[in-house]
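Welcome! Please take a moment to look over the structure below before reading on.

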2 protein chains.
Amino acid sequence: MPARDLFHDAVVHALQKDGWTITDDPLTVRYGQDRVAIDLGAEKILAAVRDREKIAVEIKSFLGESELFDYHAALGQFLNYRLALQGTEPDRILYLAVPKETYKSLFSRDLAEASVQQYQVKLLIYDPEEEVIVQWRP
Amino acid sequence: MPARDLFHDAVVHALQKDGWTITDDPLTVRYGQDRVAIDLGAEKILAAVRDREKIAVEIKSFLGESELFDYHAALGQFLNYRLALQGTEPDRILYLAVPKETYKSLFSRDLAEASVQQYQVKLLIYDPEEEVIVQWRP
């Protein structure tokens, strides 16, 4: 199985363990003439408020030669997908799924950290081996 | 010569024809532990105000399989480079150089157009064959 798909499956399993139902794989969003495919759509019933929380997740493996360069590309995708989602489903929250090792090395660097704050990127940090969610940020 | 370098040279020549002096090729910008290399730094003396205008230019060829996907990556690079520049040279303005054919096709689409406006991306539209600048936007 290609490495990319391993990461995809790991995030699917991690979300399911966390009580999420995968509703779209991928989640297709139209914007004008364009169609973008976000890796996953998921929802979770919040019993207390009788409501459902909806998310979209773009999964990144960061397997390229440069983590920083992979982050540039991931940032652009995240921001354009978020823009597209705002037009169709403003209540669905987009997350960028990042492996925990990447999170430790990349986001301990000032530029990536400043960028995540500046552009309000929401991160879902996952463990690709244990297939669990390590942290939602914020 | 690789296509990438042809586009690079075309933008260098287009800027020179427009009265710019290339000062950095590439322009290296430090941000914390990171160093990013923006394709070009250039300046132009504005005689009327006895001042010099300074720009940085990241050159994109859009030769990938998907123009929209290339744009995602270019947007992330642009926004992270702009963030890095703000820390070191806040008066230097960053532009994304886009070939005119890409501009016509990609930016006639709603998503790319909305994205450029939302994230205040400055574009330098160039003709890679004539090696001239077609438009600065805005």
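The model is predicted, so local features need pLDDT of at least 70 and side-chain atom pairs count only at pLDDT 80 or more, while totals for chains, interfaces and linings use all residues. Residues are numbered from 1 along each chain as its sequence is written, and chains are lettered from A and ligands numbered from 1 in the order in which they are written.

**Where the chains touch**
- In chain A, 22 residues are in contact with 22 residues of chain B (C-beta atoms, placed from the backbone, within 7 Å).
- On the chain A side, α2 and α4 (110-118) each give two or more residues (helices are DSSP runs of H or I, at least four residues, numbered from the N terminus).
- The largest share of that side, eleven residues, comes from α2(A).

**A helix crossing**
- The axes of α2 (residues 67-88) of chain A and α4(B) come within 10 Å and cross at roughly 110 degrees (axes are lines fitted to C-alpha atoms over the stretch in contact, with angles from 0 to 180 degrees between N-to-C directions).
- That makes α2(A) roughly perpendicular to α4(B) (65 to 115 degrees).
- Asn80(A), Leu83(A) and Ala84(A) of α2(A) meet Leu111(B), Ala114(B), Ser115(B) and Gln118(B) of α4(B) in this contact.

**Val121(B)**
- Val121(B) sits in the loop between α4 (110-118) and β7 (123-127) of chain B (strands are DSSP runs of E, at least two residues).
- Val121(B) is buried, with 21 other C-beta atoms within 10 Å (20 or more count as buried).
- Beyond neighbours within four places in sequence, Val121(B) is in contact with Leu75(B), Phe78(B), Leu96(B) and Val116(B).

Conventions
A residue is buried if 20 or more other C-beta atoms lie within 10 Å of its own, exposed if 12 or fewer, and partly exposed in between; C-beta atoms are placed from the backbone. Two residues are in contact if their C-beta atoms, placed from the backbone, lie within 7 Å. Angles under 35 degrees count as roughly parallel, over 145 as roughly antiparallel, 65 to 115 as roughly perpendicular and the rest as oblique.
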